[in-house]
Amino acid sequence: MFVDFFYMLRDSGVPVSPTSFLRLHKALKSGLVTGLSDFYTAARAILVKSERYFDIYDQVFAHFFQGAELPDFKGAELDAAARALLDEWLKDPQALAEALGINQDELKAMSPEELLKYFLDRLKEQTEAHHGGSRWIGTGGTSPVGHSGFHPGGMRVGGRSMNKSAVKVALDRRYRDYSIEGPLTQAQMGEALKRLRRMVPVGPRDNLNIDETISATTKNAGEIEIVFDKGLRDRLKIILMIDNGGWSMDPYVEVVQTLFNYSRSQFKDLKTFYFHNSIYDFVWEDPPRRYKPQRIQDLASWDPDSRLVIVGDASMAPYELMATDGSIHIEERSGLPSIDRLNLLAKLFRHCAWLNPTPSRLWSMTRTIGIIYSIFPMFELTLDGLDGAVTQLMSRN
Amino acid sequence: MPDQGTNPAFSGSSKYVLDEELAKIVNISIALEMPLLLKGEPGTGKTMLAHSIAETLGMPLIVLNVKSSLKLVEALYQYDTLTRLNDSRFGDSSRDVSNIQDYIRMGKIGRAFVADTKTVLLIDEIDKADTDFQDDMLDVLDQMEFDIIEIDKTISARLRPVIIITSNAKKDLSDPFLGRCNFHHIAFPEPDMMRQIVRVHFSDLDNELLEICVKTFYGLRELQGIEKKPATRELINWIRALRQDHDFRPKDMVQGKIPFLGILFKKSPDYQQAVQQIRRRRS
């Protein structure tokens, strides 16, 4: 029962485990679940383990039980591809009508949005069929409008009230704010970056080590022997380089600022530099990039165990990255293209990560992102991305 | 299938206003004998829930407040070596020094296991401990038994306690941990719910004041740039203060004069922000 539902959650990116699915069935057997609204609550409590996925759950639930529109969580590629295809086909409506199995008059009656939706629905069905998997209740038949198929009456079985039917509740999308796509707050960043530290003993020996004291005392035939240790401090060196130039970073100023503020308050040994678009001969310690330049070459003498974090959208004209005089600043004319500088940085600091505030589904559309991606491990500037970056930065090799 | 007689259903208590969804989740967790993990911003009543379950079901409540320094074994049992040393030196107690059993004291989880009646075990703010602690603890709770190494004895739970775990963390707990819990996120109460909650605390509050307070309160939560938004606790205290103040007229508040802002905004930058924004709004 509800196997399709389970797999639809999985396909939409909610990490659901088979164990929890079995547990849901145990709950169903217990007699406590007497209607769809009970099922909504029970399944969510048992299957979904983080409020970040509640929003997706709501959408999948509404889709499964009432055929509400399910956005494609896999991103924009399908969308873009579909649009391109559709544009092609729109030049030849006859072929389109044939391909979709409806006649031309019906086709004309549809608005472009409806048409696109219809087409996407068909397309989705097809990919599903290829996976040999779930049946998409709701995209029924050949009806020209997307979701008019399955519509169960009497949602509120048993009449237990939640003031609304479960589907209505799900459609409310109360948890939109908690979804992964929501903006990053400082507290969330703090949680994600907490693991970014290396504790080393420093300072005076003033921490009593009880275990050592006991064993030393027993070895000493019961005469008390007290052992002290140094306290642990965070001694991780972090170099943060921020792209603060150009309009392309403007939409992300707020999130980068949050990251910066958090880092400054949290890390003892933090160096912050600024650059514009890409890194050439210099980075700057001051945000206007004028007074305190830092030569990239000189970073070679720095501790190679420092963690290098670069924040930028990595989006620029390809020549800015590849050409020998790519910098838009006239004084940077050393004859080395930026890409060499980036390679040098990646070689100097083996623990490095590039945080990109643009959504990862758009990365493939910008060429320079692809190039930089091959040099630095790149992560999205989101909660999940930060998590990945921290894992990368703290890994041993 | 458990019938309603042996498994009493939970439907809220006198001090706690429960929404139906949460009641259902609590009941399912009790039926499945699974720990229930509650998340939500401070002031949504995560801790209160455990108290009210205990009260409603008539079970004793055992609270384990997690601290970052807490070790799992401390939550299970303690071997009181100091008393034993004392007894062996001075020998003036009824305890048998050669019997270590006499010096084992049960910790909070241990007490829930050996209790004669079913208990409610609240593990509060689990996110304060490190991941290993969390996973190890869930192992114990899953198997419902632990070993006392000193006397080589296994303690098994007589009755599986109702386990409620709360967490404030924005970040998720580890996967194995989550796999063994049911999960619920308590959203901040809607105004309707909030009115009920306030009613529970002040049964004689007049409607006009209640209405204006709740409205102002939600208005204040909307202010921009506030780090710690006022929560239920602040609202209750604020209303209490307003009722003490004999000069206060609800009409003043309609005009945007809000007394005792300090009760609602406890951080000084927040307070200043709030004062500024309210002034701007009035002018």
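**Entry 1: the two chains**

I began with chain B, where 48% of the 283 residues count as buried, buried meaning under 20% relative accessible area, exposed over 50% and partly exposed in between, with a 1.4 Å probe and protein chains only. I noted that this is a predicted model, in which local features need pLDDT of at least 70 and side-chain atom pairs count only at pLDDT 80 or more, while totals for chains, interfaces and linings use all residues. Residues are numbered from 1 along each chain as its sequence is written, chains are lettered from A in the order in which they are written, and side-chain values use heavy atoms, with hydrogens and water left out.

For chain B I counted 13 helices and nine strands; helices (H or I, at least four residues) and strands (E, at least two) are DSSP runs, numbered from the N terminus. Chain B exposes about 14600 Å², of which carbon and sulfur atoms supply 47%; the areas come from the Shrake-Rupley method with a 1.4 Å probe, and for residues only the protein chains shown count as cover. Among the contacts in chain B with a separation of 6 or more, 72% are accounted for by residues 24 or more positions apart, where contact means heavy atoms within 4.5 Å.

Chain A exposes about 20600 Å², with carbon and sulfur atoms supplying 54% of it, and residues 24 or more positions apart account for 67% of its contacts with a separation of 6 or more.

I looked at helix H3 (residues 36–47) of chain A against helix H1 (residues 20–32) of chain B, which pack at an angle of about 60° with their axes 9 Å apart; axes are lines fitted to C-alpha atoms, for helices over the stretch in contact, and angles run from 0 to 180 degrees between N-to-C directions. That angle makes H3(A) oblique to H1(B), since under 35 degrees counts as roughly parallel, over 145 as roughly antiparallel, 65 to 115 as roughly perpendicular and the rest as oblique. H3(A) passes H1(B) in a right-handed crossing, a crossing being left-handed if the near helix is turned anticlockwise from the far one by less than a right angle, and right-handed if clockwise.

From H3(A), the residues in contact include Tyr40(A), Arg44(A) and Ile46(A), and from H1(B) they include Glu21(B), Lys24(B) and Ile28(B). By class, I found seven nonpolar, two polar and four charged residues in the contact of H3(A) with H1(B); Ala, Val, Leu, Ile, Met, Phe, Trp, Tyr, Cys and Pro count as nonpolar, Asp, Glu, Lys and Arg as charged, and the others, Gly among them, as polar.

**Entry 2: H14 of chain A and its cover**

Helix H14 (residues 338–348) and helix H15 (residues 367–375) of chain A pack at an angle of about 30°, with axes 10 Å apart, and are therefore roughly parallel to each other. Ile339(A), Leu342(A), Asn343(A) and Ala346(A) of H14(A) meet Ile371(A), Ile372(A) and Ile375(A) of H15(A), a contact with six nonpolar, one polar and no charged residues.

I also checked burial in H14(A), where the buried residues include Ile339(A), Leu342(A) and Ala346(A). Their cover includes H15 as well as strand E3 (237–243) and helix H13 (318–322) of chain A.

Phe267(A) sits in the loop between helix H12 (253–266) and strand E4 (269–275) of chain A, and counts as buried at 7% relative accessibility. Leaving aside neighbours within four places in sequence, I found Phe267(A) in contact with Leu193(A), Leu196(A), Asp234(A) and Ile238(A).
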